[in-house]
Amino acid sequence: MSFVKDANKMNEKKVNEKIDDKIVDVAKIVDLAKRRGFIFPTSEIYGSSFAGFFDYGNYGALLKRNVEDSWIKFFVTRREDTVMMDGAIITNPNVWRASGHEQSFNDPLVECKKCHKRFRADALVEGALKISVDGLSKEQIQELISNHKIVCPDCKGEFTIIKMFNLMFKTHVGTAEDDKSLVYMRPETAQLIFTNFKQILLTSRKKLPFGIAQLGKAFRNEIAPRNFVFRSREFSQMELEYFINPKKIDDCPLLSKDHLDYEIDVLTEEMQDKNQNHKKMKIKELIKNKTIKTRWHAYWIVESLRWLEEIGIKKDNMRLRQHTKTELSHYSLETWDIEYNYSWGWKELVGIANRTDFDLKQHMNFSKSDLNYFDEEAKEKIVPHVIEPSFGLERVILTLLIDAYTEKKEKDETKVVLKINKKIAAVAAAVFPLMKKDGLDKKAKEIFDGLKQDFVCEYDEAGSIGKRYARADEAGTPVTLTVDYESLKNDSVTFRNRDDTRQIRVKTKDLRDVLQRFLNGEKLEKLGKLVK
Ligand code: GAP
């Protein structure tokens, strides 16, 4: 079947699919993120045309830290079989020769012959035809541009044919700026794990199977940065390379009944070929019919989904999509994306790839170093295979904000309540005096000074109590503690739940314990008597 027919078919489907009005528009998140100091375009005092780079503000920097900590806990410190490392951003350029990035880390680019503006070809087609081109090859995208006579959206000029554009940022090391000093900013954190595999194997004394995790910056000169931080040019990755004896790739003792029974919306390659919609499937069905080819891969897919759920991303807004053969990265035998239902469509939040022994072998060939693992049992050298769950930190944060965003109407006003997971929220509790007088402020300050030793807290005495509640709700602060006149009599505060505004009264001596239990998930009504 011609790709154009395919595209028309997809087009029809898209038109018939009504946009779900429950999906939060990213514009609202951009507004909130800037207004409340989560994330905003970098150095805006010099204008906003410097696309693809962002700064974190007062709440964003704390939220980011909490997400990172949660990821490290889940994928490293709560386990026995993974360790961490932290590699350089600029490394020996041979790393990127060996990894294949110098040759293959490209996106399709077209240039307008009239105004010379450059576009990412796949994004251009998606915008012009209102279809998804995930999985189409360069040739297929070219065919769509030619057959649909897609022209420059700015000046209606004709496009050049697609050429491939390498996404790695280049810079120079040392005083001379020539080919010999050319280096790259790392486009993924993963390679440093492969180049250090033997080193970390020695110092950690781990045995297969085991993982090395890394969290840090990655840089890609994206042709079309878009959708806020979703596609940026500087971002952070949280990656785990899990090394497995290739003979035991299907022998995963950690794959439990719970993993096998895990159910989620799935879109396989075959379903994409047949233009079908995703449907609910259990992981065990995907293993049984060999759609997910190895049990270790299945295990890491479920673990990745579990972490996303643990930090509060709703399962109903996620699905699992298999990469088609044409879209597989040069290093991957099999990849599954966890996609999220964004206002611009289902798009990749996390990628979980089976990188086989590709990277270790490439680095052995290029560096002539021995990166083999000696298997004591079989008394032989082996090159481990790798399953890689790869998370983009900014995508996770953006998705958390989208998923937590709610609005409520109060009189004529629309108020935002950011119902973000209590454990991840930037600030755990805000302390208010009901009024800035009669010693209420002094007592509130004392309570704040005590709590801030153990919790990230804020003190706010500016404006009406209603305004202060609204500010805390918008920032996603799960608990607000108010010192009122009763507090002066019986040494207690009101303890208000962000999500439903219900309150209990808590003695100040019990505050630490009650706050901790509430943040850990205990119900408000179990922690005290509800008050009006
Ligand atoms: N090591 C494998 C790798 O880098 P990838 O699918 O290119 O695979 C992994 O990237 C994750 O990094 C993606 O799932 C996404 O969350 C994040 N990511 C990739 N490009 C990004 C960009 N331009 N802006 C923000 N996040 C990005």
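In helix α14, which spans residues 358–367, the buried residues include Asp359, Leu360, His363 and Met364. These residues lie on the same side of α14, because the arc that they cover around the axis is only 135 degrees. The model described here is predicted. Packing against the buried residues of α14 involves the helices α4 (94–99), α8 (190–195) and α9 (197–204), together with β10 and β15. After α14 comes Lys368, and the phi of Lys368 is positive, near 65 degrees.

In total, 21 residues surround the ligand, and Glu188, Arg220, Glu222, Glu239 and Glu348 are the closest. By residue class, the shell around the ligand consists of nine charged, seven nonpolar and five polar residues.

A polar side-chain atom of Glu239 is placed 2.5 Å from a nitrogen atom of the ligand. For Glu348, a polar side-chain atom lies 2.5 Å from a ligand oxygen atom. A polar side-chain atom of Arg355 is found 3.3 Å from a nitrogen atom of the ligand. On its own, the ligand has 550 Å² of accessible area, of which the protein covers 92%. Strand β15 supplies the largest share of the shell, with five residues.

A one-sided arrangement of buried residues is also found in helix α19, formed by residues 511–519. The buried residues of α19 are Leu511, Val514, Leu515, Phe518 and Leu519. They are on the same side of α19, since they cover an arc of only 130 degrees around the helix axis. The cover over these buried residues includes the strands β21 (429–433), β23 (479–483), β24 (492–497) and β25 (503–507). Helices α16 (440–451) and α20 (524–527) are also among the elements that cover the buried residues of α19. Just after α19, a positive phi of about 115 degrees is taken by Gly521.

Note on methods. Residues are numbered from 1 along each chain as its sequence is written. This is a predicted model: local features need pLDDT of at least 70, side-chain atom pairs count only at pLDDT 80 or more; totals for chains, interfaces and linings use all residues. Side-chain values use heavy atoms; hydrogens and water are left out. A residue is near a molecule or strand if one of its heavy atoms lies within 4 Å of it. A polar contact is a pair of N or O atoms within 3.5 Å; within protein, one must be able to donate a hydrogen and the other to accept it, and residues adjacent in sequence count only if both atoms are side-chain atoms. Accessible areas come from the Shrake-Rupley method with a 1.4 Å probe; for residues, only the protein chains shown count as cover. Helices (H or I, at least four residues) and strands (E, at least two) are DSSP runs, numbered from the N terminus. Ala, Val, Leu, Ile, Met, Phe, Trp, Tyr, Cys and Pro count as nonpolar, Asp, Glu, Lys and Arg as charged, and the others, Gly among them, as polar. Buried means under 20% relative accessible area, exposed over 50%, partly exposed in between (1.4 Å probe, protein chains only). The arc is that of the directions from the helix axis to the C-beta atoms. Contact means heavy atoms within 4.5 Å.
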